Amino acid sequence: MEKPTENEPIVEEREEVMISRFSDGKPSLRTAHFLNPTPSSIDEPIPKLFSLSGSSLPHTFEPEEWPLRADFKGWKRPTKSWLFWVEIMRPKYQAVWEKAGIFEAIMSSTSSIKKYNNLIIGLAEKWNPRTNTFIFPWGETTLSLEDVMILGGYSVRGYPVTFTGNSQELKEVEGKLVHEFMKLQTYFDKRVRQTKWVGNFMGCGADIEHEAFLSFWLTRFVFPNEDGMIRKAVFPIACLLARGEIMALGPAVLASIYRDLTLLKETIVGSTKFKDDENDDTVLAITLWSPMQLLQLWAWERIPALQPEPNVIHLPEVRSSRWSKVKILEVENVRMVLDSAGETFDWRPYAKVVNCSQFREFYKEKEEWILVDGNMSRELVSFALCLRPSELVGFGSGCIQQYLPHRVAMQFGIDQDVPCHVNRSNETQEIAWNNYMRPIKYRKLYVPSRFFESDVTIRYLEWWKKLSMPMVVHQDVLKGIVRRKRSSRQRPKRIPWVKAKKGENEASVPPGFAPKLNKEENEAFQVPNNKGCATAGPFGHDKSSLASVEGLSNGEAAKIGSSKAQNEEGKASANQSGVEYDRENISKFDESEAITLIASGLEARVTRLEIVAAELKAAFKLKQMQSDKAASQNLCP
């Protein structure tokens, strides 16, 4: 089902029978609010279901034992020189940063966020590339523009990152930056290291020091690409920001994270094709360049079982400083924690009081309909952009991702109905940007109360139950898994997994657990007998997936990420014979897979019976030994 989004209101108000998703409350008829597009009639056909169980993932959650190495190159922590440079530039340019909407983003770059690899891997398992959302047994969520705006401090409105400006002044300043860049190049290396750039400009008092400062910030923290190098491509953006112009950095950053989550999900799926007994030394290595620390902050804000002890913050500290240098709370099995997080998941963490923080304008005490006109505030315009489906234009050619907030309406304090399909507008970056910044034609915008607890429609609840039915089969399969070590590598000490309440996770299992592949997927990752590795597409490109598998020597890994472009969208050659892998197979579920699920369940039950029989046999043998020992003692004088 496809529905237009151009002329309809962002939020629709109507009477519906609503029910709480996680409590035992009774349905009630009330006035509800929904993000469009949704079915407007009870007689309208329900959208087609996609499966929670269509992808093949490792049977047990032990990322350290998988043939996978993820290198998060975009996860940057501040250096001492950067902290010092911010300190000396802030008094002079804070007003300009606030005008350009980057003050919070620059201050967020001074937070040092420790990396928890297993958490990012666990979230990537739940990623659905078809919808750019996480699919948990208990619901659908995602990293939204609101999260990027609050946690990263990035503006979601303004000029696109593809805009370079056309004034003579901008061209002259950009020319000066390029001239300094060329002076720092060497005969043998045309690249310029960030350390050399900082040493050349920090505290120099030059008329382009501010632009050089922003160029470093954009290169290192916002759009990193080549490790440790300055990117000339960010110079036009730096020049515009230095003059107080607002740039829409938020959608570009979010597009890069969506792209990398898809790439990471594909690589996790690909890692299951390497058999322990045949390719012990084979490792899939993937390099990701987006600021994935925002994803970890998103999880920490919303999932209490994974949340470290946050810092106490005071104004004007930014939200990310809550988590700067905190000690990571490690759990034994991130997958199980995520799957049982439904009842405690915080849908609106930013609408709650945190120390002395101030609320954004769209976190209101009471619900309100706001008149949409030329006097609408910057924050309310930003909130409107967070609420409507659109195309996200990334930094770099080909990086366009779809944004579907109507699938996760509860994250914005809005009621949830069955989400409708949204047509793509991604033929070119210009078309995609026009879709993102299309005018708000409806006269009013609904802003919910920050105290409101949203519900779901009866129709949505029934739709979701059908969606999660295959996971019941997965529960039986998971219980039948016998853990087997892949290698002799030492495991780090961990805090035991935080157990959920009894019954919390008995009706369903992780959508990430998967059965045997169907025939097409089995062929997609056939690996030659020699040791192999996989490579995948570049930074800044939407057309990236697992690519050709080539033979390498033992212990050698290939980098997956940001260097080579792919020719076909959503597909890539998976072996030298040219077999192709379709990205949509990650989310697709058909009858053959359902049969495989049932077969896997039967195999798991047989395995459990064998284990029980072995335990009974051992217990009987032990009892017999004890009886023999007692009898021999009685015979002794």
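First, the ground rules. The model is predicted, so local features need pLDDT of at least 70 and side-chain atom pairs count only at pLDDT 80 or more, while totals for chains, interfaces and linings use all residues. Residues are numbered from 1 along each chain as its sequence is written, and side-chain values use heavy atoms, with hydrogens and water left out.

Start with the overall numbers. The secondary structure comes to 17 helices and 17 strands. Helices (H or I, at least four residues) and strands (E, at least two) are DSSP runs, numbered from the N terminus. Of the 637 residues, 54% count as buried. Buried means under 20% relative accessible area, exposed over 50%, and partly exposed in between, with a 1.4 Å probe and protein chains only. The chain exposes about 29,000 Å², and carbon and sulfur atoms supply 52% of that area. Those areas come from the Shrake-Rupley method with a 1.4 Å probe; for residues, only the protein chains shown count as cover. A contact here means heavy atoms within 4.5 Å. Among contacts between residues at least 6 apart in sequence, 80% join residues at least 24 apart.

Now the core. A nonpolar core is a set of buried Ala, Val, Leu, Ile, Met, Phe, Trp, Tyr and Cys residues joined through side-chain atoms within 4.5 Å. The largest one has 145 residues, and those with the most contacts inside it are Trp197, Leu214, Trp217, Leu218, Phe223, Leu249 and Leu264. Helix H9, residues 249-271, supplies the largest share of this core, with 12 residues. Take Phe223 as an example: leaving aside residues up to four places away in sequence, it touches Val161, Leu218, Arg231, Ile237, Leu249, Ala252, Val253 and Phe395.

Next, helix H8, residues 235-242. How many of its 8 residues are buried? The count is 8 of 8. They are Phe235, Pro236, Ile237, Ala238, Cys239, Leu240, Leu241 and Ala242. The cover over them includes helix H1 (80-100), helix H5 (168-184), helix H6 (194-201), H7 and H9. Just after H8, Gly244 takes a positive phi of about 80°.

His210 lies in helix H7. His210 counts as buried because its relative accessible area is 3%.

On to the cavities. Rolling a probe the size of a water molecule over the atoms shows where empty space is left. On a 1 Å grid over the protein atoms alone, a cavity is a set of points where a 1.4 Å probe fits but cannot get out, and lining residues have an atom within 4 Å of a point. Grid points are joined across faces, edges and corners, and a volume is the space filled by probe spheres set on the points. By this rule there are 7 cavities of 30 Å³ or more.

Last, the backbone. A cis peptide bond joins Asn36 and Pro37, with omega about 5°; Pro37 sits in the loop between E2 and E3. The peptide bond from Leu315 to Pro316 is also cis, with omega near 5°, and Pro316 is in the loop between H10 and helix H11 (334-339).

Two residues other than glycine have positive phi. Asn132 has a phi of about 55° and is in the loop between strand E4 (127-128) and strand E5 (133-136). Lys325 has a phi near 65° and is in the loop between H10 and H11. Are they buried or exposed? Asn132 is buried, because its relative accessible area is 4%. Lys325 counts as exposed, because its relative accessibility is 60%.

Technical notes: On a 1 Å grid over the protein atoms alone, a cavity is a set of points where a 1.4 Å probe fits but cannot get out, and a pocket is an open set with protein on both sides within 12 Å along at least five of seven lines; lining residues have an atom within 4 Å of a point.
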